[in-house]
Amino acid sequence: MKEKSEVKVFRLNDYQVPYFLITHIELQVDLSQAPVQVKSRLTIKANPECKNIPQNLVLDGENMNVLSIKLDGHVLRDQEHYTLTENSLTIHHVPLDQTFYLETGAQLGINTTLFGLYKTEGIYLVKAETQGMRRFIFCKDRPDVLSTYQTTIIANENEFPVLLSNGQLIKEEKLSENIKAVTWLDKTPKPTYLFALVAGDLEMVSTPFVTKSGHELNIDFFVNKDSIHKCNFAKSVLQEAMRWDEKTYGLECELSRHMVAGVNKYASGASEPTGLNLFNTEYLFASPEVKTDADFLTIANVVSHEYFHYWTGDRVTIRDWHNLAWKEGLTTFRAAEFCEDLFGRDLMRILKGKTLDATVSRPDSYTAVRSLYTAAAYEKSAEIFRMIKTVLGDERFYHGMNHFLRENDGGAITIEDLLLSLQKTSGIHLISFLPWFTEEGIPQLGITDSYDAENQQYTLHIKQSGPTDDYSARPIPLKLGLLDENGKEIVDDRTILVDQLAQDIVFNDVTSRPIPSLLRHFSAPVKLNYCHTEADLLVLMQHDSDLFNRSEAAKKIILNLIEHYCSDKKIELSPDFFATYRALLHDETINTGVLAEIISIPAENVLIDDVKTPDLDKIHEARELIVNALAAELVSDFKTCLTRINRHTLTSPSPFESFDINEANRRRLQTVCLNYLSHVEPSKTKQLALQQFGDALGNNMSETMNALTLLCEMHVPETAMALSQFYNCWSQDVSAINYWFRIQASAQSPHIVTEVRKLMQHPAFDMSNPNKLFALMRPFLKNPLGFHAASGEGYQLIAEIILALDTIMPDHGVSFAKKLVNWEPYDAKRQQLMHDRVVFLSDKVTSVGICDVIKAALEKPYKKDSGVDPSQSAAAIPVAHQMLSWMENSNAVKHTPVKTSSLNM
Ligand SMILES: [Zn+2]
């Protein structure tokens, strides 16, 4: 009989070094059998670092039908020797004084979760991160148990001519007609989550690479037939990333072969198994006819991120899942800096936006490991590493990092280990940055100033505060400059470390009251409160030498206007307001991409997040008023700008054949200008958009999508025809069709919820494919008329999706659940509707991650609205059932509950 295990809470303070070490794992994976059979032989010894080791060895394992268990060659037959539960195998009475060998044989169960071994597009692969390996073999599935691997893959050579795993290919043999076996040996110890296996009829392209010190290796890409040319951009990015890491951090790739393999159906964007990075092709394939400029930038980021893990994650790994934030945060930061160097620091920083995240990067406890993969672990931690680099300076930071990685090569470490190592090499106190990782809340900097004309002295009074009364000051690097009233910089870039709750900074010899440019380049992830006048903001918007702050000033002006309108006041735009936009449109010195960002009005979903009490209708009205006024006043200036950028030939060379950032910037600014012009010259703009759409369709996805988006926003009748032309052109391309879903889910239509429900029935939609699910649902979540529809239908749809994902892909269900429980920013009616949907879900969902989110949400307060019709909750259940039956009948998902039978010898 099996025993079902309880949901466990994992606490950082409970961490214990492993009792047993698994030094080597030998695998034999037989893909020619159905179901797939996996035999493993683990070399195990008691950990010499531990005392009082129990004689029971507990291994993780689930969704497997066990065929045999042997300890040191002896078959274990009865439960005196082992205990098997739904997710573990315990071997009793193992030897503690000598190395022993545990062999298991198992058949793998049916797998819909996309973790462990699964088959898609005719390809088998193992996605191990985070806990997929336990669905493949019985193992110690934790990051601090590192093993070498020898992996033999047996398969039909016609169906699976390419068989890959980590390390080096050491043997290839024919077992019988059509059946072959290959063996890979990985001599570098790694945790289970870095294991990978790929088998399929794949095409390969191999490129030699020579490192700075002369080491030669091959970069090999493997993807489905006829798609290999789509990897050219990723291949160039990877080479650039390798060179950048050599030059910047002094880190080389020491592998003899770096492989990259991609499939379309993948649980995340990509993963970093050592020497065999696995990709979702959505983040790998890039050619201008099928990908937009924004996608090229994303792909550069993801490809470089996975490579940079080679040192920060693979060579040096995490001690436990709690410490995920160092490998993800540091690697995210490395990739961000690489892309900034490649495509422009200011532009990339502006496009990234401000990371203001109150959640903890390293929580003290968790129940589901995937719940640790948060924006806080990635983006917020990346900002923490950026602050540390600002404090240390380039040289000390890169030197310290290099030293830390070499010293800990082959180790599994914590955030504290990293901070203390950097502290030691730099001599600068850095452990004070730990609360940034471990405490919640967004620190605030409240800044006021005073000017003493007589002594020509200017003082900034800085107060630091946090979410709680007992908040203690954190280190905050504050980058700033001072401008005079004409925009001339009188104090240039400098960084001040704010590490007290109250601090004054005095500037001498300041001849007139200056305008401060604060938190330049977003030097710390904090909320800044300083009251600039509109006149000051216009000066900053036009003249600040820090382009990030120019963009911030522009956004602040718009936000002030919209908040003003939301509090029932009229919007009045000053002559200086128009003059500033006009001057910028004629400024030929400013980066085109940056200019596009400065002059574009933030989208409604962005404004909703920033306005203190968002009124969705008023935000929409105010935004329209501002755009219309700017368009009417500056019509000739937008045209002049368009002519100028279209005439200008850009000369700076691009390192990539298929992507040029200057061209991308030009396209972006052109779209922004056309968007304004559509408000004053609709028929002319429509003609331009239709022409651009016709010329670009099938040739350039950016231009196609820019034109199609404009047509959709203009609500012109030709849009339906254009959408259908788009579909006909791209119906055979799974990736391109995702744009078709995306654009329709973004439509500002009162019927958007019904439209999205219809699209979910479309044959090209597949809910079990994360790319398709997110192509449709991400824009829907951002669409104020969709997710936040006043009727509550949007919340209902999302609740149904959560319920459906609960059984097939619970990890993705968590991200939707987090959106549904985030009711705080909205009005009472919406809060009540969102809360109702959460209550509706509470007794239906079963997965640990989603249950956690819902349980925590139901403890939160919400505003009650008596006007909401309670009958909606009753009506909801049959709709949800329809949805599930649709999924079961649509072939999109075939979920069969997996049973683990009792031991079969
Ligand atoms: Zn990562």
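**Figure 1. Pairing of strands E11 and E16 in a predicted model.** Strand E11 (residues 123-127) and strand E16 (residues 196-200) run antiparallel and are joined over four bridges; two strands are taken to pair if DSSP finds at least two bridges between them. Helices (H or I, at least four residues) and strands (E, at least two) are DSSP runs, numbered from the N terminus. Leu125 has Val198 in E16 as its bridge partner. The two strands belong to an open sheet of four strands with antiparallel pairing, in the order E10-E11-E16-E13. Strand E10 (116-120) and strand E13 (162-165) are at the edges with a single partner strand each, so one side of each has no neighbour in the sheet. From one strand to the next, the twist averages 10°; axes are lines fitted to C-alpha atoms, for helices over the stretch in contact, and angles run from 0 to 180 degrees between N-to-C directions. The model is predicted, and local features need pLDDT of at least 70, side-chain atom pairs count only at pLDDT 80 or more, and totals for chains, interfaces and linings use all residues. Residues are numbered from 1 along each chain as its sequence is written, and side-chain values use heavy atoms, with hydrogens and water left out.

**Figure 2. The three-stranded open sheet E4-E8-E7.** Pairing in this sheet of three strands is antiparallel. Strand E4 (57-60) and strand E7 (82-84) are the edge strands, and each pairs on one side only. The twist averages 15° from one strand to the next. E4 is joined to strand E8 (residues 88-91) by four antiparallel bridges. Within this pairing, Asp60 is opposite Ser88 in E8, and Leu57 has Ile91 in E8 as its bridge partner. E7 and E8 are joined by three bridges and run antiparallel, with Leu84 opposite Leu89 in E8. Three residues lie between E7 and E8, which form a hairpin. In a regular strand the side chains alternate between the two faces of the sheet. In E8, Ser88 and Thr90 point one way, Leu89 and Ile91 point the other way, and all are buried; buried means under 20% relative accessible area, exposed over 50%, and partly exposed in between (1.4 Å probe, protein chains only).

**Figure 3. Protein donors of the zinc ion.** The zinc ion has His305 (NE2), His309 (NE2) and Glu328 (OE) as its protein donors, at 2.0 to 2.1 Å. Donors are N, O and S atoms within 2.8 Å of the metal (3.2 Å for Na, K and Ca); water is not among the atoms, so sites may look incomplete. Along the chain, the donors of the zinc ion follow the spacing H-x3-H-x18-E. His305 belongs to helix H2 (residues 293-308) and Glu328 to helix H3 (residues 324-343), so this pair ties together parts that are 23 residues apart in sequence. His305 counts as buried because its relative accessibility is 8%, and Glu328 counts as buried at 1%.

Figure 4. The structure holds 38 aromatic pairs. One of them is formed by Phe638 and Tyr676, which are stacked at 4.4 Å centre to centre with 20° between the planes. Rings of Phe, Tyr and Trp (its six-membered ring) pair if their centres lie within 6.5 Å; planes under 30 degrees apart count as stacked, over 60 as edge-to-face and the rest as tilted. This pair links distant parts of the chain, 38 residues apart: Phe638 is in helix H15 (residues 635-647) and Tyr676 in helix H16 (residues 661-680). Phe638 counts as buried at 0% relative accessibility, as does Tyr676 at 4%. Elsewhere, ring pairs link Trp244, Tyr249, Tyr307, Phe308, Tyr310, Trp311, Phe333, Phe338, Phe397 and Tyr398 into a cluster.

**Figure 5. Charges over aromatic rings.** The charged end of Arg370 is placed over the ring of Tyr373, 4.4 Å from the ring centre. Lys860 lies over the face of Trp823, with 4.6 Å to the ring centre. A charge sits over a ring if NZ of Lys or CZ of Arg is within 6 Å of the ring centre and within 35 degrees of the ring normal.

**Figure 6. Surroundings of Gln832.** Gln832 is located in helix H25 (residues 828-842). Its relative accessible area is 11%, so Gln832 is buried. The side chain of Gln832 reaches the backbone nitrogen of Asp865 at 2.8 Å.

Key:
Polar contact = N/O pair within 3.5 Å; in protein donor to acceptor, adjacent residues only side chain to side chain.
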